[in-house]
Amino acid sequence: MAEVSSTQVHQPHPDRIAGTSLLHPHSCGFAGGLLTSGFLAPEAGALNGYFDEPGSTTRCTVILSGACSMKAAGQVHHFQARDLIMARTSAESFTFENSAEFSALEIHVPSPLLEQMQIEHLPRIQRRSLELQDPALKTAKQLFGYLRTIPAAQSPETLVGYGLAMTMLGYAFTTQKTARSQLTAKTIHGLENARNALLARLDQAPTIPQLAALCDLSPTRFKELFSRQYGCGPYTLYQSHRMEYARSLLERLNVTETAMELGYSNVSHFSAAFQRKFGYLPSRVKQLHSCKERISSSTYRKLI
């Protein structure tokens, strides 16, 4: 597992490697110390590192696809596509993991710029889930696309990216002011236990009443607080992880075997769910894996 500092990750990278992994995002700096980074990681990955920016930095992050987990300051946070996260970082270590086909847009705002913007003090971490047509998500995708095509040298077009970044920040800070109160430590602990129970078996999900009982909450209240904490409903999260697991199973099992492993009695229902998640049928995974095996076998024969 790679070990890096946050400044190493977010430094400008050559076009030939930018966007190939967590370690090489598309990055660009703007006026006032504003920094934007667009992550594009085709394969699942993980890294250990530490935040080493001078002073405290506020990060506005939008997960565009896939899912990720971060552990810092003794707490584990899980995020998935369409999550908008506001977080303050300081000098500390962290562990980060991402799924395959992961992409995210990150905007770093130094404290002096926040002071100039007269933004009120923010809690350590705040999160909300965006709807498909949410303007913040649209802006994030625009800026992400801009970062991927920006020339290495600064140009007048830089103002376009800067404007998009500031629009994104303005939206995030506005929603921050209207966010609901933070959950108690007891409730967070209960929700984490429920999440672990939910994902313990991906062939049979617990019922909502069973999960709510782990948190000492009513089913209605449980679903509300679970969505606030994780950005989506329990079964949406369950299905997302289920399909990610399905993709890994398809490297060694056929489509029917994978469907049965995940508790599907109807293979067509599994195929439809997989296509909704990834945009292609599970049979394509088998084809790609077979191609990789043939290439690896051919390379091996050349070596011997």
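The legends below describe close-up views of a predicted model.

**View 1. The open sheet of 6 strands.** The strands follow the order E2-E3-E10-E5-E8-E11 and pair in an antiparallel manner. Strand E2 (26–29) and strand E11 (125–129) are the edge strands, each pairing on one side only. On average, neighbouring strands of this sheet are turned by 15° against each other, direction ignored.

View 2. Strand E8 covers residues 83–89 and runs antiparallel to E11, to which 5 bridges join it. Met 86 stands opposite Gln 126, a residue in E11.

**View 3. Helix H3 across the sheet strands.** Helix H3 is formed by residues 135–149. H3 lies across E2, strand E3 (35–41), strand E5 (57–65) and strand E10 (102–110). Relative to E3, the helix runs at about 85°.

**View 4. Helices H6 and H7.** Helix H6 (residues 208–215) packs with helix H7 (residues 219–230) at an angle of about 80°, and their axes are 9 Å apart. Angles of 65 to 115 degrees count as roughly perpendicular, so H6 and H7 are roughly perpendicular to each other. On the H6 side, the contact is made by Ile 208, Pro 209, Leu 211, Ala 212 and Cys 215. H7 contributes Pro 219, Phe 222 and Lys 223. By class, this contact of H6 with H7 has 7 nonpolar residues, no polar residues and 1 charged residue.

**View 5. Cysteines Cys 60 and Cys 232.** Buried means under 20% relative accessible area. Cys 60 therefore counts as buried at 1% relative accessibility, and Cys 232 is also buried, with a relative accessible area of 7%. A search of the whole structure finds 0 disulfides.

Definitions and conventions
Residues numbered from 1 in each chain as written. Predicted model: local features only at pLDDT ≥ 70, side-chain atom pairs only at ≥ 80, totals over all residues. Heavy atoms only, no water. Axes fitted to C-alpha atoms, helices over the stretch in contact; angles between N-to-C directions. Helix = DSSP H or I, 4+ residues; strand = E, 2+ residues; numbered from the N terminus. Parallel < 35°, antiparallel > 145°, perpendicular 65-115°, else oblique. Contact = heavy atoms within 4.5 Å. Nonpolar A, V, L, I, M, F, W, Y, C, P; charged D, E, K, R; others polar. Disulfide = S-S within 2.5 Å. Buried < 20%, exposed > 50% of the residue type's maximum accessible area, 1.4 Å probe, protein only. Pairing = 2+ DSSP bridges.
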